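Please keep the sequence and the 3D view at hand while reading.

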Amino acid sequence: MSARTLMPGPLVVASHNAGKVREITALLGPYGVEPVSAGDLGLPEPEETENTFAGNARLKALAAAQATGLPALADDSGLVVPALGGAPGIYSARWAGPEKDFTVAMQRVHDELQAKPDAVWRGYFVCALALGWPDGLCDTFEGRVDGLLVWPPRGTRGFGYDPMVQPDGHVITFGEMEPQAKHAISHRARAFAQLVAACLPR
Ligand SMILES: O=c1nc[nH]c2c1ncn2[C@H]1C[C@H](O)[C@@H](COP(=O)(O)OP(=O)(O)OP(=O)(O)O)O1
Ligand SMILES: [Mg+2]
């Protein structure tokens with residue numbers, strides 16, 4: 001099945017996470033769409049009731065598209081740690097608590113790994129992007145990047161769990177990387193490349 005083409009014009013970035021909005025806006029830069037964030041539009045933050053990244057991305061994209069009458073791009077993402085049974089996974093934002101404190105969330109990943117003597121300190125970021133339309137159509141795309149989990153966390157760039165994830169093939173964490181370097185390899189960039197191939201006019 002082919003995806004619906006996104007034409008130049010306004011596009012809602014259906015996220016309330018400033019780090020994501022910044023990255024998605026940068027990735028959209030060359031494509032002639034005009035990103036406007038859910039926060040700027042005063043849209044509510046929907047409850048993420050699905051149990052997959054793609055399901056939650058779809059729920060957020062369709063809520064924003066239906067509220068605005070515009071196409072909407074949502075991102076649901078997180079850190080998956082196989083040694084922790086896949087946690088925090090879709091609960092990655094929730095592990096940071098109501099204050100959205102990722103020092104706390106990273107500390108919890110550390111403590112739970114430390115409690116398992118044989119645990120492999122590896123994980124991967126997943127990003128599901130959903131492009132939803134006011135009529136209910138929605139296309140989803142997924143990307144992943146694997147890496148080493150390091151302690152202590154390093155770097156002040158990026159957001160979320162970036163300071164404790166050192167992508168394979170690199171000697172610095174995502175928290176230490178220039179934004180363009182992250183965009184060259186990240187889970188979000190990989191999902192975005194698929195969206196570009198499927199939905200942007202050539
Ligand atoms: O590139 C990333 N670098 C570091 N950490 C990341 C990244 N990508 C996702 N993450 C972590 C933190 C984020 O808070 C959570 C996503 O949770 P998620 O529900 O998809 O996003 P959110 O609640 O922060 O914003 P919103 O739902 O409004 O888009 O996973
Ligand atoms: Mg969320």
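## The shell around ligand 1

The residues of the shell around ligand 1 comprise six nonpolar, nine polar and eight charged ones, where Ala, Val, Leu, Ile, Met, Phe, Trp, Tyr, Cys and Pro count as nonpolar, Asp, Glu, Lys and Arg as charged, and the others, Gly among them, as polar. In total, 23 residues surround ligand 1, and the closest are Ser15, Asn17, Ser92, Ala93 and Gly160; a residue is near a molecule if its C-beta atom, placed from the backbone, lies within 6 Å of it. Strand 3 supplies the largest share of this shell, with five residues. Helices (H or I, at least four residues) and strands (E, at least two) are DSSP runs, numbered from the N terminus.

This is a predicted model, in which local features need pLDDT of at least 70 and side-chain atom pairs count only at pLDDT 80 or more, while totals for chains, interfaces and linings use all residues. Residues are numbered from 1 along each chain as its sequence is written, and chains are lettered from A and ligands numbered from 1 in the order in which they are written.

## Annotated positions

An unreviewed UniProt entry places the feature "active site" at Asp76, and the UniProt annotation "binding site", also from an unreviewed entry, covers Glu47 and Asp76. These two span 30 residues in sequence, yet no two of their C-alpha atoms are more than 12.2 Å apart, so they gather at one spot. UniProt positions are given in the numbering used here, feature names are shortened, and annotations may be inferred rather than shown by experiment.

Is Asp76 buried or exposed? Asp76, which is found in strand 3 (residues 72–80), is buried because 28 other C-beta atoms lie within 10 Å; the cut-offs are 20 or more such atoms for buried, 12 or fewer for exposed, and partly exposed in between, with C-beta atoms placed from the backbone. Glu47, by contrast, lies in the loop between strand 2 and helix 2 and is exposed, with 10 other C-beta atoms within 10 Å. In that loop, between strand 2 (33–37) and helix 2, Asp40 also has its place; Asp40 is exposed, with 11 other C-beta atoms within 10 Å, and its C-alpha atom is separated by 9.3 Å from that of His16, 24 residues away along the chain.

## Contacts of Asp76 and Ala57

Leaving aside its neighbours within four places in sequence, Asp76 is in contact with Phe53, Asn56, Ala57, Lys60 and Ala128, contact meaning that two C-beta atoms, placed from the backbone, lie within 7 Å. One of these partners, Ala57, sits in helix 2 (residues 53–68) and is buried, with 30 other C-beta atoms within 10 Å. Not counting residues up to four places away in sequence, Ala57 touches Ala74, Asp75, Asp76, Ala128, Leu129, Ala130 and Thr140.

Phe102, Ala105, Met106 and Val109 are buried in helix 3. Seen down the axis of helix 3, its buried residues fall within an arc of 95°, so they line one face of the helix, the arc being that of the directions from the helix axis to the C-beta atoms. These buried residues pack against strand 5 (138–149), whereas the face turned away carries the exposed residues Thr103, Val104, Asp111 and Gln114.

In helix 5, His187, Arg188, Ala191, Phe192, Leu195 and Cys199 are buried. Down the axis of helix 5, its buried residues fall within an arc of 125°, so they too line one face, and what covers them includes helix 1 (18–28), strand 3, strand 4 (122–132) and strand 5.

## Backbone details

The peptide bond from Ala87 to Pro88 is cis, with omega near -10°, and Pro88 lies in the loop between strand 3 and helix 3. A cis peptide bond also joins Trp151 and Pro152, with omega about 0°; Pro152 has its place in the loop between strand 5 and strand 6 (165–167).

Lys100, found in the loop between strand 3 and helix 3, has a phi near 50°, a positive value in a residue other than glycine. With 14 C-beta neighbours inside 10 Å, Lys100 counts as partly exposed.
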